[in-house]
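Welcome! Open the model in your viewer, and let's walk through it one selection at a time.

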Amino acid sequence: YWARWASDNTTLFYVKLDAMMLARRLYRHRVGMDNPEGVNDVLVYEEPDLTMYITITNTSSGRYLLLTCKGVDCEEVRVLEANNPMGDFTITLPRKQGLMYYLTHHGPYFYFLTNDGGSSPNFRVTYSYIHAGTFTEEEMIELLPHRS
């Protein structure tokens, strides 16, 4: 959860721990390439909420990098195409108290395992076509409903 390579095999995304030993900053390192300031490591994201930490992973397909912001009862996943390491991470579902979800990719879809902000405590599986921008709960198509 601390480092992942982009598809170009020269760009490494990694997290650094703060003084409280929480992962709060995501950096991008380009092997063998200096940026204009002469530094290879660029801060890509810093988590402003002191109650949350971040991880960097990728989808099982390897097509997307996932920047996940995690808290006790809240999560937010941002995605970046692994073949576009200089791009910006995009929020999938906006952060909302009680909303927990996990994300994966297959074909033209993102699949979400979600508790719907607490209304599905045993979680349900939804999916949506991949598109630019943030997803809305209304566009999610249910694949497996919540089971009591």
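Start by selecting Leu65, which sits in strand β6 (residues 64-70); strands here are DSSP runs of E with at least two residues, numbered from the N terminus. This is a predicted model, where local features need pLDDT of at least 70, side-chain atom pairs count only at pLDDT 80 or more, and totals for chains, interfaces and linings use all residues. Residues are numbered from 1 along each chain as its sequence is written, and side-chain values use heavy atoms, leaving out hydrogens and water.

Is Leu65 buried or exposed? Leu65 is buried, at a relative accessible area of 1% (buried means under 20%, exposed over 50%, partly exposed in between, with a 1.4 Å probe and protein chains only).

Beyond four places in sequence, the contacts of Leu65 (heavy atoms within 4.5 Å) include Trp5, Phe13, Ile56 and Phe89.

Now show the largest nonpolar core, with 16 residues. Such a core is a set of buried Ala, Val, Leu, Ile, Met, Phe, Trp, Tyr and Cys residues joined through side-chain atoms within 4.5 Å. Leu65 is among those with the most contacts inside this core, as are Leu26 and Ile54. Strand β6 gives the largest share, three residues.

Finally, select the open antiparallel sheet, ordered β1-β2-β3-β4; strands pair if DSSP finds at least two bridges between them. β1 (3-5) and β4 (41-46) are at the edges, each with a single partner strand, so one side of each has no neighbour in the sheet.

How values were computed: Helices (H or I, at least four residues) and strands (E, at least two) are DSSP runs, numbered from the N terminus.
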